[in-house]
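Here's a quick briefing to read alongside the model. Take a look at the fold, then go through the points below.

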Amino acid sequence: MADSLANKKVLLVEDDYWIREVYKMALRQRDLIVVEASDGAEAIEVFNKEKPDLVLLDIMLPVMSGLEVLKYVRKEALNNRNTPIFLITNVDTADIFDQAEQNNPDGFYLKSRITPQQITDKVVLLLGSEK
């Protein structure tokens, strides 16, 4: 499966440097290309420039929230509106989940209930099944 992932690019959007590093290491161990952003505005800039195959998006971000980024990608981005987006968060409220669902994320994961390796496995499964 590694061959099919060799040119797959993941945009990792996380404001906490150490959490971002752990996710980045897990993704790179699976031969994925990782591009990064540490706030919502930077995420949109990198998304438009890099055209990732998948986005891992934290919800609680400076400048612009992950929910705003998700909404932008789904409704306003000029290209790649259907790019898979996995939301990763520590916020466990029905309100946040409902807001996210309005913009069709491809996954919603609580960081306290899933490891970076498990998220990476989900990324690999999704990207490895794309032709």
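Contact here means heavy atoms within 4.5 Å. With that in hand, S38 touches E14, D15, R20, L61 and P62, once residues up to four places away in sequence are set aside. This is a predicted model, where local features need pLDDT of at least 70, side-chain atom pairs count only at pLDDT 80 or more, and totals for chains, interfaces and linings use all residues. Residues are numbered from 1 along each chain as its sequence is written, and side-chain values use heavy atoms, with hydrogens and water left out.

- Helices (H or I, at least four residues) and strands (E, at least two) are DSSP runs numbered from the N terminus, and E14 sits in the loop between β1 (9-13) and α2 (17-28).
- Buried means under 20% relative accessible area, exposed over 50% and partly exposed in between, using a 1.4 Å probe and protein chains only.
- E14 has a relative accessible area of 1%, so it's buried.
- A polar contact is a pair of N or O atoms within 3.5 Å; within protein, one must be able to donate a hydrogen and the other to accept it, and residues adjacent in sequence count only if both atoms are side-chain atoms.
- The side chains of E14 and K111 make one of these at 2.6 Å, and the E14 side chain also reaches the backbone nitrogen of D16 at 3.0 Å.
- Skipping neighbours within four places in sequence, E14 is in contact with I19, R20, A37, S38, D58, L61 and K111.
- S38 itself is in the loop between β2 and α3, and it counts as partly exposed because its relative accessible area is 26%.
- S38 and R20 are 18 residues apart in sequence, with their C-alpha atoms 8.5 Å apart in space.

**Helix α3 and what covers it**

- α3 spans residues 40-50, and G40, A43, I44, V46 and F47 in it are buried.
- The cover over those buried residues includes β1, β2 (33-37), β3 (54-58) and α4 (66-75).
- At the start of α3, a side-chain oxygen of D39 comes to within 3.0 Å of the backbone nitrogen of A41.
- After α3 comes K51, with a positive phi near 50 degrees.

**α3 against α4**

- Axes are lines fitted to C-alpha atoms, for helices over the stretch in contact, and angles run from 0 to 180 degrees between N-to-C directions.
- α3 and α4 pack at about 30 degrees with their axes 9 Å apart.
- Angles under 35 degrees count as roughly parallel, over 145 as roughly antiparallel, 65 to 115 as roughly perpendicular and the rest as oblique, and α3 and α4 are therefore roughly parallel to each other.
- G40, A43, I44, F47 and N48 of α3 meet V69, Y72 and V73 of α4 in this contact.
- Ala, Val, Leu, Ile, Met, Phe, Trp, Tyr, Cys and Pro count as nonpolar, Asp, Glu, Lys and Arg as charged, and the others, Gly among them, as polar.
- The residues where α3 meets α4 split into 6 nonpolar, 2 polar and no charged.

**Positive phi in the loops**

- Most residues other than glycine have a negative phi.
- D31, not a glycine, has a positive phi near 65 degrees; D31 is in the loop between α2 and β2 and is partly exposed at 41% relative accessibility.
- V63 isn't a glycine either, yet its phi is positive at about 70 degrees; V63 lies in the loop between β3 and α4 and is exposed at 68% relative accessibility.
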